[in-house]
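Hi,

Have a look at it first, then read on.

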Amino acid sequence: MALLFLRDISLSYGAAPLLDKVSFQLEPQERVCIVGRNGEGKSTLLKVIEGIVQADGGTRIVQDGVKIAKLQQEVPHDTTGSVFHVIADGMGNIGHLLEEFHQLSLALEQNYSDEVLEKFTKTQQDIEAQNGWELKQRVDTIISKLGLPEDSEFSKLSGGMKRRVLLAQALVQNPDILLLDEPTNHLDIPSIQWLEGFLKNIRCSLIFITHDRAFLQALATRIIELDRGNLSNWNCDYHTYLERKAETLEAEAKQNALFDKKLAQEETWIRQGIKARRTRNEGRVRALEKLRETHKARRSQQGTANLQVNRSDASGKQVFDIEHLTFNWPNKPIVSDLSTMIIRGDKVGIIGENGCGKSTLLALLLGKQQPDSGTVKLGTNIDIAYFDQHRAQLDENKPVVESVLEESDHVEINGQRKHVMSYLADFLFLPERARQPVKSLSGGERNRLLLARVFAKPSNLLILDEPTNDLDVETLELLEELLMNYQGTVLIVSHDRAFLNNVCTSSLVFDAPGVVNEYVGGYDDWLRQRPAHYGDVTKITGTRQPEAEKPSPVAQVAAVETTLAKKPKKLSYNDQREYDALPELLESLEAELEALNEQIAQPDFYQQGEEVVQATLKSLNDKESELEAAFERWEILESMVMGEA
């Protein structure tokens with residue numbers, strides 16, 4: 001029997017309804033994911049299911065005795081008390097008794113007295129009377145599994161840790177229906193993996209919203225899509241849904257095209273004059289009026305964001321040259337003897353648990369933190385654009401339109417001058433939304449606004465700290481495509497496994513305290529390449545990590561190239577001549593590139609004919625490729641020379 005029913009639910013906050021007579025039912029043990037664009041009403045639908053938002057029309061039915069718990073999307077700012085208190089508070093009266101028992105236990109350990117012992121005994125008896133020890137065990141288990149400091153003050157925790165405490169508060173209620181709104185936000189990868197396993201094994205139904213595609217694919221048994229006020233049901237996993245959805249949209253486009261053609265024909269007919277209004281044609285006139293009403297009522301799918309990065313001149317070949325970098329906080333190693341080089345065009349993922357030192361590593365690379373030993377050399381001609389996961393660059397009280405640029409109402413994007421309102425439209429901000437204050441925006445909208453602000457700045461090095469939080473899947477995929485085609489260098493801190501897999505060419509991973517290793521490829525490539533002894537370390541997941549698998553083809557090729565580069569070889573006569581000539585060739589290519597960049601940077605460059613502009617840009621791209629190839633060849637020959645030595 002279904003646990004919950006929604007029948008013909010309608011809800012509007014403006015002209016177009018968020019929910020337009022939608023129906024839904026939830027069966028026991030289902031794991032249902034709600035998908036849809038930002039702003040379609042996914043969180044509102046979750047609130048209707050929870051019962052805290054009253055629909056304008058329709059019926060909500062919950063079976064007797066069914067308990068619903070929810071993890072909210074935003075962390076409340078007014079919650080105080082210990083971690084244990086906040087978690088136990090989710091269980092009502094028994095939770096308060098458990099909190100009292102916990103505090104009395106600590107009091108007895110610190111300062112024994114008969115009065116405290118008497119209260120302790122009374123509380124113990126009350127818990128036994130309500131069968132509360134099983135619930136205490138549940139609280140202790142959740143605290144242990146999520147690695148939470150039970151006696152720490154909640155209000156002093158980091159944002160990510162607060163999120164985990166609130167998740168624990170929802171889980172300990174042992175609900176029949178658990179609602180999760182973006183549960184992976186601010187969780188690190190081990191916590192996300194643990195959460196996947198935990199949610200697969202709990203005996204309750206799940207309804208969740210997530211932007212994490214790997215999490216969605218692993219967990220959802222059914223997908224419901226909210227699109228233009230309508231709810232559609234997909235009994236499949238996420239990958240299958242994407243295929244079927246693409247087919248549905250294609251069919252919808254064809255149907256709309258046929259409809260529009262029919263409407264155009266009838267509009268032409270009605271304009272022919274008096275014969276169209278003869279009595280025998282009145283039925284056709286009424287049919288045309290119905291076509292007009294249908295066309296007027298049609299809601300087109302929300303537009304697609306047009307993301308662009310404002311590129312500056314190319315940086316030097318070497319962006320970061322890191323040698324024997326070491327840094328420790330008191331009693332906490334961060335980086336020990338890290339040596340690597342980041343080259344122009346690299347897309348580097350920085351992977352590790354919360355608190356391991358990812359932000360500190362960024363600060364060391366950018367010179368904001370000085371190392372204990374070793375060096376970090378920043379390359380030449382570097383223009384940095386920085387995406388801050390805490391959105392500190394955004395003023396809550398400023399209008400959206402004033403948050404992109406400080407002193408101008410126009411932005412110059414790769415030679416094209418745009419009004420800021422037009423630029424914001426590329427990021428799906430309508431004029432009325434662009435005039436509202438930042439504090440009125442949803443999490444996804446704030447991320448889009450910060451992307452608009454960051455991308456407006458000319459850059460050849462992007463630093464992105466958790467850029468994927470709250471973004472819908474369509475915008476995520478557009479961001480991935482943009483970064484993959486970006487000519488500059490990218491450093492990405494992210495816990496989104498699919499995003500790391502799709503974008504990163506290499507990864508810097510905190511494999512252990514102070515141990516940062518470099519791997520070819522993204523997250524899955526790291527899992528396949530890492531040494532087995534790192535796979536046995538489990539701080540949060542509580543389960544053995546997968547053993548190292550056969551490396552991917554990309555990793556195998558990289559390993560072969562590394563082996564060849566290290567293996568001593570004697571240069572042939574032709575190799576020696578090529579090696580001797582390469583420095584001059586590299587210097588010549590860099591000079592040509594500099595000249596081309598200066599030519600493109602001229603104010604009137606894009607005013608020339610299209611043919612001249614495209615030919616120059618193609619020449620720039622070709623020269624960059626030649627330089628890349630020459631550097632790679634020089635590195636191979638250099639390693640052979642070093643091998644001889």
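N38 sits in the loop that links strand 3 (31-35) to helix 1 (42-50); helices (H or I, at least four residues) and strands (E, at least two) are DSSP runs, numbered from the N terminus. This is a predicted model, where local features need pLDDT of at least 70, side-chain atom pairs count only at pLDDT 80 or more, and totals for chains, interfaces and linings use all residues. Residues are numbered from 1 along each chain as its sequence is written, and side-chain values use heavy atoms, leaving out hydrogens and water.

N38 is buried, at 11% relative accessible area (buried is under 20%, exposed over 50%, partly exposed in between, with a 1.4 Å probe and protein chains only). K42, in helix 1, is buried too, with a relative accessible area of 11%. UniProt's unreviewed entry has a "binding site" feature at positions including N38 and K42; the positions use the numbering here, feature names are shortened, and annotations may be inferred rather than shown by experiment.

Setting aside neighbours within four places in sequence, K42 is in contact (heavy atoms within 4.5 Å) with I34, V35, G36, R37, I209 and L226.

I209 brings us to strand 7 (residues 205-209), where 5 of the 5 residues are buried, so the strand is largely enclosed by the rest of the structure. S205, I207 and I209 point one way, L206 and F208 the other. Strand 7 runs parallel to strand 3, with 3 bridges joining them (strands pair if DSSP finds at least two bridges between them). Strand 6 (residues 177-181) is also parallel to strand 7, joined by 5 bridges.

Cheers
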